[in-house]
Each structure stands twice: as C-alpha cells, then as structure tokens.
Amino acid sequence: MRLYASATVAEVLDRLLADPAVAEAVVADRTLPARAADMRPFPDWLDAGLRSGLEGRGVTGLYSHQAEAIEALRGGRDVCIVTPTASGKSLCYDLPVLQAVAEDASTRALYLFPTKALGQDQLAGFHELADAAGIEVAAAIYDGDTPAPVRQTVRAAGQVVVTNPDMLHAAILPHHTKWFQLFEQLRYVVVDEAHTYRGVFGSHVANVLRRLLRLCAHYGSAPRIITCSATIGNPGQLAETLTGRAPVLVDRNGAPAGEKRVLILNPPVVDARLGVRASAYGLVERAAVTFLRADRQTIVFGRSRTSVELLLTRLREALREGRGPVGRVRGYRGGYLPSERRAIEHGLRSGDVLGVVSTNALELGIDIGRLDAAVLAGYPGSIAATWQQIGRAGRRRELSAAVLVATSGPVDQYVATHPDVLFEASPEEARLDPENLHVLLAHLRAAAFELPFEPGERFGAAPADDLLAFLGEDGHVRQAADGRWYWASENFPASEISLRVASPGNVLIIDTGGDRPRVVGEVDLFSAPTLVHEGAIYLHESRQYHVDRLDWDERKAYVRPVDVDHFTQAELAVTLKPLEAFASDAVPGGERVHGEVMVSSLATIYKKLRLESLENLGWGRIHLPELELHTTAYWVAVDPAAVAGWRRDELDVALVGAGRALQTVASVLLMSDPRDLGLVSQVRSPHAERPVVYLYDGVPGGVGLAARLFERHAELVAGARDLVADCPCDAGCPACTGPRLESGGEGKRLASRLLALLSGARADIAGAPAA
C-alpha cells in the first residue's frame, strides 16, 4: 500500500489531528494570522548600482524596519534590530556597508557571528548582493580554519572581515598592529544573534567589545554598532550592556508572513503515581512522518546529538515501511564535515532534501530555504529559541505548521501545562554582567597588554586605576613615571581567557578516542566536579563523551566518544553562608533577600538517568576535594511563626519541593539553563535562624540572575505554585517537586502549602499542613 502522496499543509494537519494518539495529546492549538508587508521606497541617497542590484533580485523597496535601521545608521546612530526569523535583518547591515564601500573604498567593516557556519552563510549572501550591485569588495572569513596565506591577505586588504568573538578576542585584538588598516577605517561593527550573548559568554563578549572600541579610539575611528537579536524581553538593554552605548531600537517588523498553525503536544502519563510520561519521540515521529509522506519540507529539532541520530533512524525506518522518501531525509549536527553541512543546506534550499533532523545548529539564521513544517522534540530552553525554531517554517506566504512535543523534564512540563507562557507572556530577558570581577579583571589584563592605560581611564563602569593597582601587586602591570599603566608580564593574557567560562583555572577536556589526543573543550573549575567527574557522560556540541579519568591536579579530564541512552547527574553536598545582604523586603510569609554568599560544595555521588524517561539506571561515587564559590544569591526566608505547627521533616520536604519548583520557573523567566542556578534549602538557617530557600548564581561573582529573581519574586512564586498545582502527578514527580520516592510521597502536598503561604493565600498560612 502506497502511503506517500502529496497534500497541502492544511490537509496534513487535518490528517494528523485525526490520529487519536495525537489528538489526545494536544494541549494548545493556535493559529497565528498572516501579516502583510509594510514597505518603504529606497532612500534617495542609495547607490544606483545597489538599487539596480536589488531590483534585479525582485526587491523593489525596503521593509519598514529595514528603512528605519538604515536611516538611523545614515544619521550616525547605533541600532539594535529585533525582528523574527526570515524578516531580512541582514539587509539592515549589508546595505549600509556596501553603500559605504561604494562611496569610499577604504571603508572597513567587522561582522561578528556566534558560529562559523552562520558566518559562512551570511558572507555568501553578502557576495551575491555585492555582485548584483557591481560593487567590488574584499570580504573574507577570518577564523580558526583560515589558512595562513589568506590571513595575511585579509589583514592587509580585507574591507569586510567576518569572524566570531573568540577570534576577535584571541587573534585580532592582541595583534592590532597587524590590523591597523581595519582599525583606522572601521565604519561598522555588526553583532548578529545578540540574544545568544548572555550569561558568562555574554559578559565576556561585552568586555571584548570594550577592548575593540578602546583600540578603535586609539586608531582614530568611531564605528557604528549594529546589533541584531531574536525577540527577547530586553533587547535595547542587552545591546546597551553589550556595547556600552545606547542604540536606536528597531522592533516594528515590516516583513510579511503567512498564516501559521502551532500545536503543543504533551505525551500521555503512563504511571500517574510516579508522574512518568510516554517518550516524546513517538509523537515527534508521528508528526514528522505525516508531513514528509505528504511531500511537505520539514525540519525536526532534537536537543542532543543522540536524539538527532535516534530520531533520524526512526524516521527513515518509518518512511521505508511506507515506501516514503527515505533518501531525502538527512541529519545535521556538530560533528558532520563542513562539506556535508553545506550540501544539506543547499539541498534544503533546492528542495532535493525533503526533511532534516537537526540540533540547534540550524536554529540561527543560516539560509535553508522555505520550509513547510517544524517539529520540535522538546522545549528548546527559552521562548526566544522556541520561536527561532518555529520560525524555520513558514517563509512562504502561505500556511505553515509547527509542532512542539514536550518531554517529561520539569521545564518542558511547565510550558506544556502553561502554554500561554509561549504565546502571550513577554519573552525572557537575556542577562549578562560585564562587571563580574573575575571576567572584568581577565579582560583588563588583556587590554593592558594591547595598549597602556592612561591615569583615570575608564574600562567599563568606572576608572580602572584601583583594579590596575590590584593587578600591579602580582606584577602583571606597572605604573610608569608618566602615570600610565603598562603590561609587565611575559604572559600572553588573552590566551588564558576562555569566553565560555567565568574563572581561571579551567579543566581541559581531552578526547583520547582518536589517533592522537586532542582538546575538545574546557569547563570552569567550579563545574568540573559535576560535569567531568570519572564516569560522567559529558556533552560537547551535542556529542557524548565518557569521562575515563579526571586528573584534578593537572586540571585535565580524559574522555572518549560514546553513544548511550543515558546522561549523568551529580549530587552535591552543598553548604551556603550569606556574607552580605544587598537588598531585602518583607513579602507574604516571610522576607525576600538579594545578597552575596559563599557556597561550599562537595560532589558525592552521580546517578545515571535515561534520556527520555529520567529512569534511574544506577549510581557511582565521586572522590574529589571540596570547592568554594563566591557568588550572589536570591533567597526567601520563611516567617517561623507561619510554620510553627509544622514538623521538621515536613518542613524539610516542603522547602526542597518548593525550591525545585522555584528553580524550574526561574530558568523559564530568566532564559537560563536550570543548571545556571544552584539550590540550597535549610530548615533552620544558622544565619537567619529560620527556614530558607536559596537560589544562587552558579558562576563566580554571578551574572545578575539573582538580582532579577529578587525583582520578580511575586511572579516567580506564583509560577512555582501553578507548576506544582497543575502537574497531573499524585504526590510529586521529577516535573514538579522532585521524584516521589525522595519525598516519601508528601512532596507535592507540602510544597503546595508552602508556596501558597509565600503567595499570600491566607487560608493556607495558619497551622500545620492537613493530614
């Protein structure tokens, strides 16, 4: 029987929803209306060749946001462009750069992209536009794969240099004397996908941009900065924190869009007592196969390399059974050769590839054509990333579809039971803290190496003299008779800084599975005991590695590639000591506080958990020394009088369960990984002498997460209360308050009462919990 026949997207959706297994799992079904284009004419000053080149490609005008951005740049302002996927953001910076080159061939521009693949894709589009306009421009990529002879050419004659923050930090800024043509004539700096620069990475990138602008001032240039971002809650603030300058915010999208149908599916509960759900893979397969058999071009997003390969295998098997287009379904992830990835991207644009299963490598703005459907195997971790992936479908002005299938994880279940978070809530905020002392000092050393500091010169929010004097005590810098601070060490400071971690003393991860050992990554010292302990499964670029040995003294973890169906989760014995309260305020049921803390952690054991079901497959011991972390925290101190009738064991269970729910909701509100926030609960804090739940920043010095939780306390508590109340489990599960067996079956009830107390529900405050 032939199951492969072409159909429209509307027909496929009807067919999909007629399947009882799918229909019963639907928790949200929304239709996003089509949107007409808001057009503007080309400006009078636009180069005739550019106008002709655009018209030759069928572009007869500009979308309103493109026109607004280009005019602001023409007027000498920085801009921050915040519009959805496929809205033509690249033209907002390509046009001004090509216009500037057409007017003055000495013009230089610097493009920063977070990934190599995105840089290559955007450079190809830039060349196409330049060729169509008849403008000769030397534009090239400068990254770790660029051959040495080409590097020399780019340094000497590159008008547009396409690179990434890591290369700018380590290979361009420290060698600025070789790049004087770039720095003297730099007119534009493009920071694309700015929403990815958050947390520790964003804090580092902000300091890299400080160093860049400092060198530009030295060479006499004052470039305009163009930041582009997905839709987030604080784009203007993010751009200003990243660049140190206030941009014109361009956030009114003028691009057209077709109608889009969005479904959220939640797999059925298979064990109500334990809150265990069926695997998400079954529904993902059903949805994807239905679209592929109807000849609808489809992208499936998996959250790891393992899930991508597993889904790809399942789809091919299902299509083979129905004599479907098996050979036209491909995988796409880190670990594929660049030539393979380019071939898949080209196949998607041409239509030769009908379906692709990808990690978030295709989430960013790489041109892969106009797809009909996107199927998401799990919540991507943030509202912004979800809409980026959903936006991969629907580039045509016709109906498209997106299907999000929730996993059994706590954040996924929160979104599945509160779908309005996705459709109606304000997007999360991207947070970073360039003033994090660990990050700031590292880049201050790099900046001093690049150029001496004048007395009173600012680096960031304040003059750098005090911090330079601190560095001088260790002999890194010295103050000369002219008052200036000079680099005084033989070390090359930029080489010691990883933009991905907060503190020095990183642990190198060395792959021993190939012909010879190679470094595949690094983790900061504070994360190492939980991420790369012996026996851990470490994920790097969606690939799994087994940690065979951790040499703590040498700061090296030796790993080998594996492909297994589980991950590891380390248990930490954590003690926390508040050092200082920055702010506090009375709230229902107690007090909220933001302050500085010292966290001592000792990794004790690790559990092996199955990827989809979170089933415990075994455990092992960890033998590593205790570590101390100086960071910031948000905490809730419960009024002892409000819980006077509670037994100590009940209060302990309630604090842990409520804390886990708060931690889950916090990761949604702040657009952060749940692991970015640590959790400590104390039945009777030795410092506050009352029950306390702490959520602390997981990096030295913090990156501002705790401060935002303090500000959004009411929203956080309400969200946690809803999460627990709406979970269908009987007595607590991994999706709400933690596994039922860990709380003796009382976790959900007790956590609910404590969260009600903290929400100000008066009926729940007095007395002990009901039996």
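In strand E18 (400-405), Ser400, Ala402 and Leu404 point one way and Ala401, Val403 and Val405 the other way, and all are buried, buried meaning under 20% relative accessible area, exposed over 50% and partly exposed in between, with a 1.4 Å probe and protein chains only. Because 6 of the 6 residues of E18 are buried, the strand is largely enclosed by the rest of the structure. In a regular strand, side chains alternate between the two faces of the sheet.

This is a predicted model, in which local features need pLDDT of at least 70 and side-chain atom pairs count only at pLDDT 80 or more, while totals for chains, interfaces and linings use all residues. Residues are numbered from 1 along each chain as its sequence is written, and side-chain values use heavy atoms, with hydrogens and water left out. Helices (H or I, at least four residues) and strands (E, at least two) are DSSP runs, numbered from the N terminus.

**The sheet around E18**

- E11 and E18 pair in the parallel sense over 6 bridges, and Leu263 has Val403 in E18 as its bridge partner.
- E17 and E18 also run parallel, joined by 5 bridges, with Ala373 opposite Ala401 in E18.
- Strand E14 (residues 298-301) is joined to strand E17 (residues 373-377) by 4 bridges in a parallel arrangement, and Val300 stands opposite Val375 in E17.

**Helices packed nearby in the fold**

- Helix H16 (residues 410-417) is mostly covered, with 6 of its 8 residues buried: Val411, Asp412, Gln413, Tyr414, Val415 and Ala416.
- Those buried residues of H16 pack against E1, strand E13 (276-277), E18, helix H17 (420-423), helix H21 (648-669) and helix H23 (713-726).

**Asp78**

- Asp78 is placed in the loop between helix H4 (64-74) and strand E4 (79-82) and counts as buried because its relative accessibility is 4%.
- Its side chain makes polar contacts with the side chains of Arg224 at 3.0 Å and Arg245 at 2.8 Å; such a contact is a pair of N or O atoms within 3.5 Å, where within protein one must be able to donate a hydrogen and the other to accept it, and residues adjacent in sequence count only if both atoms are side-chain atoms.

**Positive phi values**

- Arg555, in the loop between strand E24 (543-551) and strand E25 (556-562), has a positive phi near 60° and is partly exposed, with a relative accessible area of 27%.
- Glu689, in the loop between strand E30 (677-682) and strand E31 (692-697), has a positive phi of about 55°.

Conventions:
Pairing = 2+ DSSP bridges. Contact = heavy atoms within 4.5 Å.
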